[in-house]
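User: I am new to this protein. Please take me through it in short questions and answers.

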Amino acid sequence: MTLPVIDIAPLFATDAVARAAVAAAIGAACRRDGFFYVTGHGGEALFPTLEAESERFFALPLEAKKAYRTAPEINRGYAPPKSESLSLSLGLESAAGMNDFFEAFNVGVEAGEYPELELPADQYADNTWPQVDHFQAAVSTYFSEARRVAHTLTRIFADALDLPPDFFDGYTDHSLDVLRMNNYALEPGEVTLDGELTGMGEHTDYGIVTVLWADQVRGLQVLDPNGQWQDVTPTEGALLINLGDLMARWTNERWMSTLHRVKPPIVDGTIQRRRSAAYFHDGNIDATISTLPSCVGAGSRYSPITV
């Protein structure tokens, strides 16, 4: 599957014509696929350090990593292999018992960043940082960079949707954001490869927009309009962007939240290692979302709802 590659460098300049061209290209991609790549974002120098520090953490023994596991309802810390099944978010009975073959580590926005607000402690939980040299610094730096890219995208979304440039700011100034670092690899002997395995089950994302870094190992698949799973080849130096359910609802389905999954390749009977880091930009938890004025058309499919 060939997704558009959009250079967003003009967003950081003052050329109104070039900015309008970027907005038009992003708007078209959001209508057609709900997925696109961005280059010119300015954060590619951080990729090698993020990858190295992620690798160092996931290389720890399983029992050591489990020390950083939190309660299931707290989206922080370590998630061991086979502890989740994302297809269950679709209500698929066939997904029951078919847990996903990946491990992850999650960090997110803490309530302490906004002492003037009364934010729910379970959603804006404190982070659980492993005792791995340089890990917290590297991940925190990348988190800030991904947040910057996400906010840059929402401002250009406003242009593409004929809204004031700062329209989304009031919905995202204490956004419920999480960075999830994923590792698709299992220790030898832990799993018998006797059929179809899924690294991460088919699902849509929940929020406004997801900013994804991934290494150059294939595995991500997107469901095309004909109902066929298509491989999405990683593009070096680019970030992969996709919309979530909230944005599809907000735009009255003018823009798409597209089903996707991960099926890492199996080489010589073992799962080929694949690493990624997904930044989920989900909006303020207390914000009320109503169909955007430019998307109502003949009528809204959805009633207002909070994030």
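User: Which residue has its backbone oxygen 2.9 Å from a polar atom of the side chain of Thr-154?
Analyst: This is a predicted model, in which local features need pLDDT of at least 70 and side-chain atom pairs count only at pLDDT 80 or more, while totals for chains, interfaces and linings use all residues. Residues are numbered from 1 along each chain as its sequence is written, and side-chain values use heavy atoms, without hydrogens and water. Thr-154 lies in helix α4; helices (H or I, at least four residues) and strands (E, at least two) are DSSP runs, numbered from the N terminus. The pair is a polar contact (N or O atoms within 3.5 Å, one able to donate a hydrogen and the other to accept it, with residues adjacent in sequence counted only if both atoms are side-chain atoms), and the backbone oxygen belongs to His-151.

User: Is Thr-154 buried or exposed?
Analyst: The cut-offs are under 20% relative accessible area for buried, over 50% for exposed, and partly exposed in between (1.4 Å probe, protein chains only). Leaving aside neighbours within four places in sequence, Thr-154 is in contact (heavy atoms within 4.5 Å) with Phe-168, Ile-208 and His-281. Its relative accessible area is 1%, so Thr-154 is buried.

User: Which residue in β10 is the bridge partner of Phe-36?
Analyst: Strand β2 (residues 35-39) and strand β10 (residues 239-243) run antiparallel, joined by four bridges. Strands count as paired if DSSP finds at least two bridges between them. Phe-36 touches Leu-239, Leu-240 and Ile-241, among others. Its bridge partner is Ile-241.

User: Which strands stand at the edges of the eight-stranded sheet?
Analyst: The sheet is open, with mixed pairing and the order β1-β2-β10-β7-β14-β5-β4-β3. Each edge strand has a single partner, so one side of each is left without a neighbour in the sheet. The edge strands are β1 and β3.

User: At about what angle does helix α1 run to β1?
Analyst: Axes are lines fitted to C-alpha atoms, for helices over the stretch in contact, and angles run from 0 to 180 degrees between N-to-C directions. Helix α1 (residues 16-32) lies across β1, β2 and β10. Its angle to β1 is about 155 degrees.

User: How far apart in space are Arg-19 and Asp-159, C-alpha to C-alpha?
Analyst: Arg-19 lies in helix α1 and is partly exposed, at 22% relative accessibility. Beyond four places in sequence, the residues it touches include Arg-155, Ile-156 and Asp-159. Arg-19 and Asp-159 are 140 residues apart in sequence, but in space the distance is 8.9 Å.

User: Is Asp-162 buried or exposed?
Analyst: Asp-162 sits in the loop between α4 and α5. Its phi is positive, about 60 degrees, although it is not a glycine. At 63% relative accessibility, Asp-162 counts as exposed.

User: How many disulfides are there?
Analyst: A disulfide needs two cysteine sulfur atoms within 2.5 Å. Cys-30 is buried at 0% relative accessible area, and Cys-295 is buried at 8%. By the distance rule, the number of disulfides is zero.

User: What share of the protein's residues is buried?
Analyst: The protein has six helices and 16 strands. Of its contacts with a separation of 6 or more, 77% join residues 24 or more positions apart. Among its 307 residues, the buried share is 49%.
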